[in-house]
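Student: I am new to this structure. Could you take me through how its parts meet?

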Amino acid sequence: MEKFNLSTSRLNALIKHLMTRGIVYAPHKNGEVSFSFDEVRDPGKVILNYNRTLQSIKKYFLPPREQLLSFSLKSGSLSKVEPENPLRIFLGVHSYDMQAVLRLDYNFSQGNPELNYLKRRQNSLFIGVSFEPDTYHFSRSVGIMVEEFDGFDLFLDKHSSGYTLYVVTQAGEELLSGFDHLEEAPDRPATHREFRNKIKYNFNRLSEVFDHAWDSSVWEEIAQRCVGCGTCNLVCPTCYCFDVEDDVNLSLADGSRYRSWDGCMLNSFAKVAGGENFRADLSDRQRHRVYRKFKYITDVTGEPWCVGCGRCTAYCTAGISIVETVNRLCEEYEQTVLRKPLAKQDWVL
Amino acid sequence: MKSDQIKPNKPKIAFFDFTSCEGCQLNKLNLENELPDILRHVELVEFREAMDDKADYYDIAFIEGSLSTPSCINRIHDIRRRSNILVALGACATIGGINSMKNLQPIETVRETVYGEEKYRFPTLPAIPVSAVVKVDYEIRGCPMSIPEFLRVLKALLMGKAPNLPDSAVCVECKLRENECLYDRGIVCLGPVTVGGCEAICPSFGQFCTGCRGLVPNPNKDAMLDILTQHGLSLEDAQKRFLLFNSYNIESKSIT
Ligand code: SF4
Ligand code: SF4
Ligand code: SF4
Ligand code: SF4
Ligand code: SF4
């Protein structure tokens, strides 16, 4: 793989170059201690050294709220709103968020393909950046290293005196054409980063743990501390649930159909016609959310659907930690399943 | 039957106010741009108590304010009897609102403090939401009530549909707007247990949510108290946060 030296001082020049190629999105400061992806207007405002953004880049492919249709009740006609797909370059993406996009690609191309999402995804290029894991990151425990290149076109690996710019794909190489004076980087030992495994079991054993977790007391215990605000769903880069609603204008003759993000932790998410709510209890909703991340889709694809970004934990005002939840389940599994003498019917055939 | 006979008349709508600051009424006046369109679809038969041409029947009655005197109770029963659909408007009418802080003290003390020697001329009751006395079909929350929500409900009702009103927390709207959470700035906020629909307007401008839209269904109040105290409030201050708008809810289903 080709790689070049990029000094910190040439970073702005690279961003300017990228801006001549397409619309560039990158992390910016948002509020006092947070970051968000935003369109780059001033390369000087881009921040590549960030812990996490409030929302992942999912918001560009599945917007928080989007118009799907406009309709006229008078003529009974409707027209689909076509999403735009200009060339977009996402700069400064962490590996777990890239992996989350790849997982959404899977979700939205199965069964009935989700055309709006897929269309928005078409013309996008991704430039990764390495990060220093903080207390909330645990992507390594779900098999995603900081320097995971999969999905990226280019990757910036930060080291003490600048960046090493890796050219991952052909498209990445083309993106650099016209950006001169890049010098070949020497082979250097991988940057050492403290990133312990935080989940007790290897991720490929979690499915087995979840086979025994349904009746755990953990769900009720977390539910007692949870207020059901839905934050953990709404910040998750692999959550994709939405709700669809029609709105008419004041003429009562024309209107639009919108969809917006929804989440399984919310009270009315599982409410159906007739008023029945099949997950009215917070403990049922907690269990459902965590099973969605570690069991249901994982059993089909072999990959955890949690990418270890840590957002649900970092932004939960009640301090509920998904790592702690999974570790509690691992412990229970050890105590009740592994160490328990086998029940008679298990070994008498 | 001739077709013009089947054609329904414009629905009759009416507004009534009870114990409130009339902020919701004022808020309705902000509808200037939409008003002509609205009036094409409805017949406004009563806007204030002062109008004395009382109609016998309302298709939709909008009620503002909480109920706080014996005469309020009689009047609301009377309006309910004459209304097909009854909609509560604003915090006072939907959750009791600020008025219900009155309920935290013995009613006689309140009466004496406010009316002194004249107190026997002013019978008073704890301040309660409309739904505590009569059936309320729909609730438009907020202090003052939210105009977009008012329009949404009105349009749905005029089309004969049940309005879709959110019951999820203000946090949802903060997340959709990608706001930095106030807790990350060291500010505590009632958004996690307060019904959204206001587009998280307060947190979006750096102001914590005071709970004016009322608590979400089956709120986990103990967990919310824990959140508030873990982020630095004393238990007493945490309880006070709840009581500002939600005294009726808290007191009537006592948690504290
Ligand atoms: S963010 Fe925390 S409190 Fe809110 S629903 Fe999720 S786990 Fe519960
Ligand atoms: S479950 Fe939590 S840690 Fe895992 S991907 Fe979603 S937000 Fe990130
Ligand atoms: S809800 Fe608020 S604005 Fe409306 S009447 Fe009550 S106090 Fe006033
Ligand atoms: S600022 Fe308040 S409403 Fe917004 S996310 Fe934080 S707690 Fe929720
Ligand atoms: S953020 Fe809270 S206090 Fe502000 S309008 Fe919404 S519900 Fe009311």
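The questions below go from the chains to their domains and then to the ligands.

Tutor: This is a predicted model, in which local features need pLDDT of at least 70, side-chain atom pairs count only at pLDDT 80 or more, and totals for chains, interfaces and linings use all residues. Residues are numbered from 1 along each chain as its sequence is written, chains are lettered from A and ligands numbered from 1 in the order in which they are written, and side-chain values use heavy atoms, with hydrogens and water left out.

Student: How many residues of chain A are in contact with chain B?

Tutor: Contact means heavy atoms within 4.5 Å. On the chain B side, 33 residues take part. On the chain A side, the number is 38.

Student: How many salt bridges cross the interface of chain A and chain B?

Tutor: A salt bridge is a side-chain nitrogen of Lys or Arg within 4 Å of a carboxyl oxygen of Asp or Glu. B:Arg152 and A:Glu245 meet in a salt bridge, at 3.0 Å from N to O. Over all chains the structure holds 36. Across the interface of chain A and chain B the count is three.

Student: Why does the pair of B:Glu178 and A:Lys59 join two chains?

Tutor: These residues form a salt bridge, with the closest N and O atoms 2.6 Å apart. Helices (H or I, at least four residues) and strands (E, at least two) are DSSP runs, numbered from the N terminus. B:Glu178 lies in the loop between α8 (170-176) and α9 (201-204) of chain B, and A:Lys59 lies in helix α2 (residues 58-61) of chain A, so the pair joins two chains.

Student: How far apart are the C-alpha centres of domain 1 of chain A and domain 2 of chain A?

Tutor: Domain bounds come from an automatic or database domain assignment. In chain A it gives domain 1 (3-62 + 82-184) and domain 2 (203-242 + 263-346). Their C-alpha centres are separated by 29 Å.

Student: Which helix gives the largest share of the side of domain 1 of chain A that touches domain 2 of chain A?

Tutor: Two salt bridges are counted between these domains. A:Asp97 and A:Arg311 meet in a salt bridge, at 2.7 Å from N to O. The largest share of the domain 1 side is nine residues, and they come from helix α3 (residues 95-109) of chain A.

Student: Which residue forms a salt bridge with B:Arg213?

Tutor: In chain B the assignment gives domain 1 (3-158) and domain 2 (170-255). One salt bridge is counted between them. At 2.9 Å between the closest N and O atoms, the partner of B:Arg213 is B:Glu149.

Student: Which three residues supply 40% of the area that domain 1 of chain B buries against domain 2 of chain B?

Tutor: The area buried between these domains is about 1200 Å², 64% of it from carbon and sulfur atoms. More than any other three residues of domain 1, the suppliers are B:Ile95, B:Leu104 and B:Arg141.

Student: How many residues of the shell around ligand 2 are nonpolar?

Tutor: A residue is near a molecule if one of its heavy atoms lies within 4 Å of it. The residues around ligand 2 include A:Phe138, A:Cys236, A:Arg289 and A:Lys293. Ala, Val, Leu, Ile, Met, Phe, Trp, Tyr, Cys and Pro count as nonpolar, Asp, Glu, Lys and Arg as charged, and the others, Gly among them, as polar. Two shell residues are polar and two charged, while the nonpolar number eight.

Student: Which element supplies the largest share of the shell around ligand 3?

Tutor: Among the residues around ligand 3 are B:Cys21, B:Cys24, B:Cys92 and B:Cys143. α2 (23-29) and α5 (90-95) of chain B each supply at least two residues of this shell. The largest share is three residues, from α5(B).

Note on methods
Buried area = accessible area lost by both parts, 1.4 Å probe.
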